[in-house]
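Please read this short report with the model open beside you.

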Amino acid sequence: MRFIEWNDNFITGVHECDIQHKKIINVFNAIYDAIRLNINKRALKDSFNSLINYFDKHFTLEENLMEKYGYPELQEHREEHKKLKETIDKFMQKPEEEINYLEVLKYLKNWWVNHIITMDKKYGLFLESKIK
Ligand code: FEO
């Protein structure tokens, strides 16, 4: 069973961002499989850290594009990215044995789905015409 499936509602219309969003879905699914297979917590933490690093890379790409093309809601968007990073940091600062990775993954998925269909799609509408 897949944890999350890509669907066309996630398309922003900005190719590079859509590619990265698909990769994030793949990583969510890979981590979910690892949790179900009960792999050790050290390996899970490493996987989460890779995902978090990828989120950073993705947020930087989006923010740079928004800045380059003068997106008027850049600050609000940047703030949302920052809040997520702070929340993840709090989760991950707990001792390894206290981290409920499935809960963290569910939180990330819910945040991400909500974020993409509201804020990301909004910059998509703005940027789509400017980038072409
Ligand atoms: Fe695709 Fe604003 O994160």
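Ala-34 lies in helix α1. Helices here are DSSP runs (H or I, at least four residues), numbered from the N terminus. Ala-34 has 12% relative accessibility, so it counts as buried. Buried means under 20% relative accessible area, exposed means over 50%, and partly exposed is in between (1.4 Å probe, protein chains only). Ala-34 touches Ile-39 and Leu-44, leaving aside residues up to four places away in sequence. Such a contact means heavy atoms within 4.5 Å. Ala-34 and Ser-47 are 13 residues apart in sequence, and their C-alpha atoms are 9.2 Å apart in space.

A word on the source. This is a predicted model, where local features need pLDDT of at least 70 and side-chain atom pairs count only at pLDDT 80 or more, while totals for chains, interfaces and linings use all residues. Residues are numbered from 1 along each chain as its sequence is written, and side-chain values use heavy atoms, with hydrogens and water left out.

Helix α1 has 22 residues. From first C-alpha to last it reaches 32 Å, close to the 32 Å expected at 1.5 Å a residue. The expected span is 1.5 Å times one less than the number of residues. Buried residues in α1 include Cys-17, His-21, Ile-24, Phe-28 and Tyr-32. What covers the buried residues of α1 includes α2 and α4.

Which residue just after α1 takes a positive phi? Asn-38 does, at about 65°. Asn-38 is not a glycine. Most residues other than glycine have a negative phi. Asn-38 sits in the loop between α1 and α2. At 67% relative accessibility, Asn-38 counts as exposed.

**A histidine in α2**

His-58 lies in helix α2, residues 41-68. Is His-58 buried or exposed? At 1% relative accessibility, His-58 counts as buried. Not counting residues up to four places away in sequence, His-58 touches Cys-17, Gln-20, His-21, Ile-24 and Asp-120.

**Helix packing**

Two helix pairs are compared here. Axes are lines fitted to C-alpha atoms over the stretch in contact, and angles run from 0 to 180 degrees between N-to-C directions.

| Helix pair | Angle | Axis distance |
|---|---|---|
| α3 and α4 | about 175° | 12 Å |
| α2 and α3 | about 170° | 10 Å |

The α2 and α3 angle makes α2 roughly antiparallel to α3. Likewise, α3 is roughly antiparallel to α4. The term covers angles over 145 degrees.

Several residues build these contacts. Leu-84, Ile-88 and Phe-91 are among those in α3 that meet α4, where the partners include Leu-108, Trp-111 and Met-119.

Gln-75 is in helix α3, residues 74-93. Its relative accessible area is 48%, so Gln-75 is partly exposed. Gln-75 and Glu-63 are twelve residues apart in sequence and 9.0 Å apart in space, C-alpha to C-alpha.

**Aromatic rings**

How many aromatic pairs does a search of the whole structure find? The search finds ten. Rings of Phe, Tyr and Trp (its six-membered ring) pair if their centres lie within 6.5 Å; planes under 30 degrees apart count as stacked, over 60 as edge-to-face and the rest as tilted.

Phe-3 and Tyr-32 form a stacked pair, 4.7 Å centre to centre with 25° between the planes. This pair links distant parts of the chain: Phe-3 is in the segment before α1 (15-36), Tyr-32 is in helix α1, and they are 29 residues apart. Phe-3 counts as buried at 11% relative accessibility. Tyr-32 counts as buried at 13%.

Phe-28 and Trp-112 have ring centres 6.0 Å apart and planes at 85°, so this pair is edge-to-face. It also links distant parts of the chain, with Phe-28 in helix α1 and Trp-112 in helix α4 (residues 101-131), 84 residues apart. Both Phe-28 and Trp-112 are buried.

Lys-109 lies over the face of Phe-3, at 4.3 Å from the ring centre. Lys-130 lies over the face of Phe-126, at 4.8 Å from the ring centre. This requires NZ of Lys or CZ of Arg within 6 Å of the ring centre and within 35 degrees of the ring normal.

Terms used:
Helix = DSSP H or I, 4+ residues; strand = E, 2+ residues; numbered from the N terminus. Parallel < 35°, antiparallel > 145°, perpendicular 65-115°, else oblique.
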